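Colleague: I have a few questions about how the labels on this structure were assigned. Could you show it and take me through them?

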2 protein chains.
Amino acid sequence: MKVIITGGAGFIGKRLAHKILQLGALTDAHGAKRSVSELVLLDIVAAQGFDDARVKAVAGDLNDAALLAETLAGADSVFHLAAVVSGEAEQDFDKGIRVNLDGTRLLLEQCRKLAQPPKVVFTSSCAVFGGPLPALIPDTQELYPQTSYGIQKAMCEMLISDMSRKGFIDGRSLRLPTITVRPGKPNRALSGYCSGIIREPLNGIETVCPVEPSTRAWLLSPRKVIDNLIIGHEAPASAFKHTRAITVPGISASAQEQLDALRRVAGDVVADRVTVKIDPLVTYFMTSLPINFEANFGKSLGMTADANFDDIVRAHIEDSSQ
Amino acid sequence: MKVIITGGAGFIGKRLAHKILQLGALTDAHGAKRSVSELVLLDIVAAQGFDDARVKAVAGDLNDAALLAETLAGADSVFHLAAVVSGEAEQDFDKGIRVNLDGTRLLLEQCRKLAQPPKVVFTSSCAVFGGPLPALIPDTQELYPQTSYGIQKAMCEMLISDMSRKGFIDGRSLRLPTITVRPGKPNRALSGYCSGIIREPLNGIETVCPVEPSTRAWLLSPRKVIDNLIIGHEAPASAFKHTRAITVPGISASAQEQLDALRRVAGDVVADRVTVKIDPLVTYFMTSLPINFEANFGKSLGMTADANFDDIVRAHIEDSSQ
């Protein structure tokens, strides 16, 4: 079985790759469990750190049709993670459209050309929601995204549902919560501070919380994201009805609650490294996002969230020390 | 003021053009009422039948970027009606994508390049709804289109909302009911029979109703469509909040009720020219469509529906005899 991960050199892409290698087998579009013989990591830069004969790192542009055709030849499953993040898509409309919409379309068109329609797991986002929202959002909530990133993700969800209905692909769009705690440097995601206010103080670095402490977010740890991506892949096509979109479970926590958890887990010296200084664009983005979901469909497929935010902090400390 | 109508040689395009010429003035994106000095009808074939110095008929492809740029130069308002209809978009996925999605994108990109962001009135469709639906659909209903046509319209709605939020255009997407009674030959819209079962028997032609008589549709007369397109154009940008989509009011009627109205208005000899013979694709499409809407936002802007289906039949007879 040949599996592709776009964005395969990124943090989530690499963790997903390790998980797939460890599992050794996945369920294909016909419901057969098959060993993964080839795992292609496609990204702008070649993925590093894999010492496994099954892994092939490919460096290149998602909008390069010839490269995509070559890379996807014979693919059974595609995890499509590559994207321009929210901050960049909001500030550079054309780049967001080119990568998030056109890149995805090109990928889906290549998938459609394969002899066997592959499974396609698309990382959508809770940013597809926006506008007036109830406190607890049902799976049937109407989409009014208030950012270009959310709009582009919602448009791709539509296309994936339609191409799955037509039998061109076997797609599933996972609406991911904000992923926290991400390791490494800050990226240009507007929700990036969620990771920053935990990661930086743990590394001894003073940092800023750019939203009011009462600002809530919908959160999921990297570990759970990986688990849920696999569950989304393994679900049979028959589990889907009128849509291929799945709201992934998460937990709702305010910045204050996130910092309180940091204080409980890592102590006052660490937690005191965070000060609040409001950034208007980040505040606009975060307050446009939903903060609590039922996620009943995702749960019915077996998806789960972290038990609480303290666990998320502890998991990050554990993962960082590996 | 320069106004563009794409699909300007079509039935609705031409009626809209006549209405705009008769009105003589429209409200621009700055809220100023201005006389229409130039009305460009863009379509694959040149629009005929206009003897008015303000009208310019342009024949060409919506996907021709150079032609679009030239045609749109200095435009204040664009009515974007051109589209591949539902039946064709379902049977030819690539053509639907190329015209309904890419053509619209190209048009919006050209609008964005204008010195002043123009008003853009986009004819979306009630086909953006689908999947499980309540008997009376609120404005906040989630979109699960079950046809490629509906998917393409929904994707364009998203883009228009985002580009309006960004200030690139001043867009408004009108989700039109099935338009009945259309004159002339049947087109490839899957809902085309709604017109056919009234128009053909009135013309002395035996015809087939391809759905169960109990199958309901959401309907609007051409007269009301034109009125509502103008209302959608005239509404100030300030009337919109988190979305630029408007569900246009209509009336819900079953095929039986439509035929009963024909019988009341035109008599037994005419009504007896219709026989029922089920077509599976038309039935799939029509039973995937919603059948009754609140349309509160549209009504709040002043949009209205026909009083009843008898009026729709009478209006068609009146318009046909002109």
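**How the labels were assigned**

Modeller: D92(B) lies in the loop between α3 and α4 (93-113) of chain B. This is a predicted model: local features need pLDDT of at least 70, side-chain atom pairs count only at pLDDT 80 or more, and totals for chains, interfaces and linings use all residues. Residues are numbered from 1 along each chain as its sequence is written, while chains are lettered from A and ligands numbered from 1 in the order in which they are written.

Colleague: Why is D92(B) called partly exposed?

Modeller: Count C-beta atoms, placed from the backbone, within 10 Å of its own: 20 or more others means buried, 12 or fewer means exposed, in between means partly exposed. D92(B) has 15 C-beta neighbours inside 10 Å, so it counts as partly exposed.

Colleague: What makes α6(B) mostly covered?

Modeller: Of its 10 residues, 8 are buried. Among them are Y193(B), C194(B), I197(B) and R199(B). Just after α6(B), G204(B) takes a positive phi of about 80°. Helices here are DSSP runs (H or I, at least four residues), as are strands (E, at least two), numbered from the N terminus.

Colleague: Which residues of α10 (280-288) of chain B are buried?

Modeller: V282(B), F285(B) and M286(B).

Colleague: How do you know that they line one face of the helix?

Modeller: Look down the axis of α10(B): its buried residues fall within an arc of 90°, so they line one face. The arc is that of the directions from the helix axis to the C-beta atoms.

Colleague: What do they pack against?

Modeller: α3 (86-91), α6 (193-202) and β11 (216-220) of chain B. Contact means that two C-beta atoms, placed from the backbone, lie within 7 Å.

Colleague: How many residues of chain A are in contact with chain B?

Modeller: 21 residues of chain A are in contact with 21 of chain B. Helix α5 (148-165) of chain A gives the most to the chain A side, with 8 residues.

Colleague: How do you know that the copies meet through the same surface?

Modeller: 100% of the interface residues of chain A are also interface residues in chain B, so the surface is the same.

Colleague: Why are the copies said to be related as by a two-fold rotation axis?

Modeller: Chain A can be laid on chain B with an RMSD of 0.0 Å, by a turn of 180° and a shift of 0.0 Å along the axis. The two copies are therefore related as by a two-fold rotation axis. The superposition is by least squares on C-alpha atoms of residues with pLDDT of at least 70 in both copies.
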